Structure formats: structure tokens, C-alpha cells
Amino acid sequence: MKKIILVYLLIIFFKSIGYTDSPESALFLNVPVGARASALGGAYTSLASGIDGLYWNPAGLSALKSTEILFFRNEYFEDITQHYIGWTSYFEKIKSSIGLSFNMFDYGTFNRTILTSATAYAEQGTFTAKDYTAGLTWSPNMESKLKFGITMNFIKSRIAEDEAKSIAFDIGWMAAAGSDEIPLLIGATIKNFGTKLKYSKVSEDLPLTQNFGISSEFSFENIFIIRPSVDFSFNFIDKEKDFMTGIEIEYDKKFSIQAGYNTINDAGSGFSLGCGFNLFNFQINYAYIPNRELDTSHKFSVLYRFIPNRSQNLK
């Protein structure tokens, strides 16, 4: 009975991120990482810089000149939690940035049951359900306006004793365009390109997705900065097309607020809100994601930059 409940909860959960009818597996790979990006509705393909590029666009690491660490926690419903940790640093000898990441979904502990008759069952201990991803990212320091990066992900999904494994790649590009008056950043990614997720009896496709994003930045007296962004997403497996948009307002490079909207979240309105602030070398962000059918999602991120001059600039 509890296993049936688990399956039902997973169906509802993935409906909340827009993938109820998807034929592919490992849908947790498309759940956004980072409170700032989530608050912007996921419109982050062109905005991702530094350590945020580990998940959103590996080309974002190319501008990195320091070391960064990111911790992210996502509180879903029914004790479902997501934890993510990332590290990245620039290596002068190879003129490249290297990053490591670990992403875990924990669906909780469930009672193991067996049917003893048509209307009765007996409990036989407990089992857990978890999904994992470990990633290795490389991005060269390219002097041109075009940036490039690639991530190799090792994926593992486990429910009780049944588990599946896969290897997949994320490939990203970023480019600067526009003018001094209207600067533009353009980003594009191919995500989850790899082998099928192989369980004991079946093999399932990964959610192969293409993303394209564009963003800009407008400064007013060097006090207020406004960053609008737009993303478009296409899933090659279920042929779904989605739209994401967001806007960030930053004050004095110390405090920021975000708002976003996307067409992915079928269980909610699609709107999201968030805020962030800097404290010494820390950047702390929070995102609020309301849902109609499920509990509200609360996301928290803490980023630390090892910067000698203790700069407090937001990205």
C-alpha cells in the first residue's frame, strides 16, 4: 500500500513541474537548482554565471576567476527534499574553470508491504527512494565573446532494491551581443544527452531538452540595476514547448528581488517570487513557489566566494 502511495506521490510531484505525461524517466533532472534562478521562473540560461553554470549553463563558468561554493535546499511536500552542493574554481595553468556538483532527491522512507489476500496486506520493514546526480564541468577561458562549457553527469535512481544508472552530458554556449546602451546576453544549452536509464527490467529515455535564453541589464545611477530575462525550452522526447520569463531588481549591489513566470508548473499558477542579499562574501537567496494542488515550495541558496578583496557585488 505504501509503495502505491509512493508512486502516486511521484506522479503528483512530477505533475507539479509539468511532466505528468512524459514517456521519459529521471524527470528530477529538470527540477530547477538554485533559489535565485527559481525565483526568476527558470529564465536563467543566459544569466547563469560562475557556479550557477554547473546546472543551468556550463558556459557560465568561463568568466570565473575565483573559487565558489554553493549549497541549495528545496523543501517540497510529503517530506520530499532536494539537496544540492557545488564547487568550482579557475585554474590558471590550463586557462579553464572546473566544477563539481552533487544533486540528491530524497522521497522519504516508506513501509514495505506484501499482499496476503485480496483485501489484506502485511508490513515487512521499510524502504527508501532517492535520485542522485554527480557532475563534472569544464569551461575554457575564451577571450572571444562566445563562451563554451560541458558537464558530464553520472545519474542514479533507486527505489527499494531496484536501481538504474546512466551517463549524460550538458553542453552550453553563451555570447555577448547588443550595444553599450542595450547590452544583451544570449545562452543556449542541450541538456541530458546520454544513455538510457537502465532499471532491472526496463530502460527509459532521459528528458533530453534544448534551452535558449536572452537577457539584458540596465543600470540607473549605479544604484539600481534591472535584469529582464526570457527562456524558451523544447523537450525532444515528449515534444513539449515551454516559456519562462523573469525580472530582477538589484539595489546598491547589496539587495535584490526577483519575480518570474513559466508554463511548466501545471500544479500552480506559474508565478514565483524571491529575494537575495550579500553579506561579506556570502550571497543568500530565497524563492517562494506557490502551488494549488501541492504544498508551497520554499527554496534556499547560500553561495560563498573566495575573493581576496572581499567584493560584495551580486552577479
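**Figure 1. Overview of the predicted chain.** The chain has two helices and 17 strands, where helices (H or I, at least four residues) and strands (E, at least two) are DSSP runs numbered from the N terminus. The model is a predicted one, in which local features need pLDDT of at least 70 and side-chain atom pairs count only at pLDDT 80 or more, while totals for chains, interfaces and linings use all residues. Residues are numbered from 1 along each chain as its sequence is written, and side-chain values use heavy atoms, with hydrogens and water left out. Of the 315 residues, 48% count as buried, a term for under 20% relative accessible area, with exposed meaning over 50% and partly exposed in between (1.4 Å probe, protein chains only). Among contacts (heavy atoms within 4.5 Å) with a separation of 6 or more, 53% are between residues 24 or more positions apart.

**Figure 2. Nonpolar cores.** A nonpolar core is a set of buried Ala, Val, Leu, Ile, Met, Phe, Trp, Tyr and Cys residues joined through side-chain atoms within 4.5 Å. The largest such core has 18 residues, and those with the most contacts inside it are Phe-28, Phe-105, Tyr-107, Ile-155, Leu-197 and Leu-206. Two or more residues of this core come from each of strand 3, strand 4 (121-140) and strand 6 (162-178), and strand 3 gives the most, with three residues. A second, separate core of 15 residues includes Tyr-55, Trp-56, Leu-61 and Leu-303.

**Figure 3. The second largest cavity.** A cavity is a set of points, on a 1 Å grid over the protein atoms alone, where a 1.4 Å probe fits but cannot get out, and its lining residues have an atom within 4 Å of a point. The second largest cavity has a volume of about 140 Å³, the volume being the space filled by probe spheres set on the points. Its lining includes Phe-28, Tyr-55, Asn-103, Asp-170 and Lys-191, and strand 3 (96-115) and strand 7 (183-194) are the elements that give two or more residues to it. By class, this lining has five nonpolar, five polar and two charged residues.

**Figure 4. Surroundings of Asn-141.** Asn-141 is found in the loop between strand 4 and strand 5 (146-159) and is buried, with a relative accessible area of 17%. The side chain of Asn-141 makes a polar contact with the side chain of Tyr-90 (3.4 Å), such a contact being a pair of N or O atoms within 3.5 Å of which, within protein, one must be able to donate a hydrogen and the other to accept it. Leaving aside neighbours within four places in sequence, Asn-141 is in contact with Ser-62, Lys-65, Tyr-90, Lys-95 and Ser-96.

Methods. 1 Å grid on protein atoms, 1.4 Å probe; cavity = no way out; pocket = protein on both sides within 12 Å on 5 of 7 lines; lining within 4 Å. Nonpolar A, V, L, I, M, F, W, Y, C, P; charged D, E, K, R; others polar.
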